[in-house]
Structures are given as C-alpha cells and as structure tokens.
Amino acid sequence: MLHCNQTCGECPSCNGYDPMGCENQRIWGYETPYGSFAQFTLAQSQQLMPKAPAMTWEESASYALDLCTAYRMLIDRAKLRPGENVLVWGGAGGLGTFACQLARMIGAIPVAVVSSPDKAEMARKFGAVGTINRKDFPNLAYTPNETPERKKARLDAAKAFGKAFMTAAGTSRGPDVVFEHPGQETFPTSVFVANRLGRIVICAATTGFDLNFDVRHLWMRQKTIVGSHFAHAEECWRANELVLNGTIKPCMTAVYPYAEIPRAHDDMMHNRHMGKLSCLVSAARTGQKTLSEIV
Ligand SMILES: NC(=O)c1ccc[n+]([C@@H]2O[C@H](COP(=O)([O-])OP(=O)(O)OC[C@H]3O[C@@H](n4cnc5c(N)ncnc54)[C@H](OP(=O)(O)O)[C@@H]3O)[C@@H](O)[C@H]2O)c1
C-alpha cells in the first residue's frame, strides 16, 4: 500500500532532518497529476509500505492519508504529551478518529467535537473520553464582517464552549492542544479556548482560508500556532506499524463501487459520512486481501 508523500529524495532536507522541508515536496493525488481513481498510477518506491495481511484492500486504502497526517500533527509537530488535554474538531471524521486514537495511545485526554449523537458515539468508539455537540452552540462559528452584537454572541458562545470542554474532559483545564482543520469558522474559538502555552496545530481550512482571530489571546497567554501537512516516509512507517500491530484501527464506514464515486464525493460534501470512505477502482468486489485474488 502507499502513503501519499512525494519528495525529491536528493536534497539536504530529504537526507537530513525532515523531508517535508524539500522544495519539491508534493502530496500525491492532491498536488500531483498522477492521482487516485486510476487503474494505474505513478508512485515513488519510498511511498510503498507493508499491507496488513488480514485486512482487505479497501480497508488498507482507507487510512494512510488521515492517520499519517494526524500522527505528524499531534506527535511530531504539537509534541502532545501524556496527561495533556486535546480538543479534536471533527472527532468522528477521518482525521478526528485517528487523532482520538493517537491521543489515547499516548495517555492524553481527547475530547471530540461532533454534530450529532451518532457521531458522538463513533468518536467515543475511537477513543474520545468525552464529546461536545457543536450544534448546541449556534453562535460559535465565525463569519466574516460580523457586527459588534454578533461578535459578542460568538465570544459568549466560545466561553460556554470552553466550559463544555472541561466538563467533557472531566478536568478544570482547557485544551493544551487543539487539533484544527475546519479553519475560518472554528479558528478564533480554537485560539481562545487553548490553555496558556497551548498549541493550535492546523492542517486544513475546510470552511475558509482567511482566518480572523484576536491575537491578544495568542500572545498574552503565549500560545503557538503550528502548521502541518501530511507526513514524511518515516512518520508514515511508524504510523502504519500501529495499524499492523493492532494498536490503531482504521475507521472505514462505507465502500463505493467505481460507478458511485460521485456519490461518495456528494456524501462527503454534505457531511453525511463518518470515518473514512473507500472506493473500488479495479477490484470487482469487496473483501479481497491478496494480489492473486485481484490479478
Ligand atoms: N494537509 C494535509 O496533509 C491533510 C491531510 C488530510 C486531510 N486534510 C484536510 O483536512 C480536512 C478534514 O479531513 P477529514 O478527512 O478529517 O474530513 P472528514 O472525514 O470529512 O471530517 C471532517 C469533519 O469536520 C467536521 N466539520 C464539518 N464542517 C464543520 C464546521 N463548519 N465546523 C466544525 N467542524 C466541521 C465534521 O464533523 P461534525 O459535523 O461532526 O462536526 C467532519 O466529520 C479536509 O479539508 C482535508 O482535505 C489535510
């Protein structure tokens, strides 16, 4: 199976501290034209990783992108430590289910933000110690050009949200690490609720790229914003090892045949999905595990 990071393999970054510093670093299938949903693809040999023999192809294909991203975000970039509290946005989503599992694995305390009781149950199943339903905070989302009244309502909601985090975590402290990816709508709350010296680690901005937040909440309490993008080969191998040895479980919830790939995208766009989705490309049926079955 493949991880999706490509680098030049030749430069000092690739051969030194961190290949993610390579000027030619690209995410395969996202920043390269040789991507997914194709019968054949062009990959680098360093992208190949062992597949769990007992796992189906579709389940094996489902986890690397989000697991390895969450691994780098929490372990190597935010340097999450045992006993720390973590706020995980989208806790029943692809990134979120892995973030909760990784946090639990190292003895941290993940609280998942979700938008329905079903998703709360899913997040708990994958390690969240508590959940917050963001629908209980209708004024929480940031929207551009807000009026002073709207801003005050949002700040009040953020304070209540911070208290809900403590209740869900079972502590009197807020998050030491915030696992960010929704972006514009949630980022001001993430900065606001993080503890003193807290880290907000971010890999995406699904709701909008222009982030607006009160920087006093950052500097006065000495918080850090950390950018993160996928993971390098060694992080991917370490993360994959956790699947191979059964520590981390993939969270695939649906498999779509080739003809229904648009439906998979539609479900994702409308946030009807949970965990990870897989699509069959060349395989005629689900449940196959070896090369001889599909050749
Ligand atoms: N940079 C990288 O290397 C990298 C790698 C992987 C993914 N990503 C990006 O990260 C993002 C998330 O990926 P994913 O695989 O976890 O997606 P996903 O499975 O669709 O999960 C995203 C979650 O975000 C939550 N969400 C949706 N709208 C929200 C809103 N307005 N406010 C707060 N939460 C909201 C949803 O949970 P609830 O509705 O339950 O709250 C959903 O479960 C995507 O933009 C993806 O492209 C980046």
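Predicted model: local features only at pLDDT ≥ 70, side-chain atom pairs only at ≥ 80, totals over all residues.

Visitor: Which residue meets Glu-146 in a salt bridge?

Guide: The partner is Arg-154, and the N to O distance between the two side chains is 2.6 Å.

Visitor: And is Arg-154 buried or exposed?

Guide: Arg-154 counts as buried, because its relative accessibility is 9% and the cut-off for buried is under 20%.

Visitor: How many salt bridges does a search of the whole structure find?

Guide: The search finds 15. One of them joins the side chains of Asp-18 and Arg-72, at 2.9 Å from N to O. Asp-18 sits in the loop between strand S1 (5-6) and strand S2 (26-27), whereas Arg-72 belongs to helix H2, so this pair ties together parts that lie 54 residues apart in sequence.

Visitor: Are those two buried or exposed?

Guide: Asp-18 counts as buried at 16% relative accessibility. Arg-72 is buried too, with a relative accessible area of 6%.

Visitor: What about Asp-156, which residue does it pair with?

Guide: Asp-156 forms a salt bridge with Lys-152, and their closest N and O atoms are 2.8 Å apart. Both residues are in helix H5 (residues 148-169); because they are 4 residues apart there, about one helical turn separates them. Asp-156 is partly exposed, with a relative accessible area of 35%. Elsewhere, salt bridges with shared partners join Glu-260, Arg-263, Asp-266, Asp-267 and Arg-272 into one network.

Visitor: Changing topic to the ligand: how many residues surround it, and which are closest?

Guide: The ligand is surrounded by 24 residues, and the closest are Ser-115, Arg-134, Phe-230, Asn-271 and His-273. By class, this shell has 13 polar, 7 nonpolar and 4 charged residues.

Visitor: Where do polar backbone atoms come in, and at what distances from the ligand?

Guide: A polar backbone atom of Leu-95 is 2.8 Å from an oxygen atom of the ligand. At Cys-203, a polar backbone atom is 2.9 Å from a nitrogen atom of the ligand. For Phe-230, the distance from a polar backbone atom to an oxygen atom of the ligand is 2.7 Å. On its own the ligand has 910 Å² of accessible area, and the protein covers 81% of that.

Visitor: On to the surface. Which residues form a nonpolar patch there?

Guide: Val-215, Trp-219 and Met-220 form the patch, with about 340 Å² of accessible area together. Trp-219 has its place in helix H7 (residues 216-219).

Visitor: Why does Trp-219 count as exposed?

Guide: Its relative accessibility is 52%, and exposed means over 50%.

Methods
Residues numbered from 1 in each chain as written. Heavy atoms only, no water. Patch = residues over 30% accessible without salt bridge, like charges linked within 9 Å, V, L, I, M, F, W, Y side chains within 5 Å. Areas by Shrake-Rupley, 256 points an atom, 1.4 Å probe, with all protein chains shown as cover. Salt bridge = Lys/Arg side-chain N within 4 Å of Asp/Glu carboxyl O. Helix = DSSP H or I, 4+ residues; strand = E, 2+ residues; numbered from the N terminus. Buried < 20%, exposed > 50% of the residue type's maximum accessible area, 1.4 Å probe, protein only. Near = heavy atom within 4 Å. Polar contact = N/O pair within 3.5 Å; in protein donor to acceptor, adjacent residues only side chain to side chain. Nonpolar A, V, L, I, M, F, W, Y, C, P; charged D, E, K, R; others polar.
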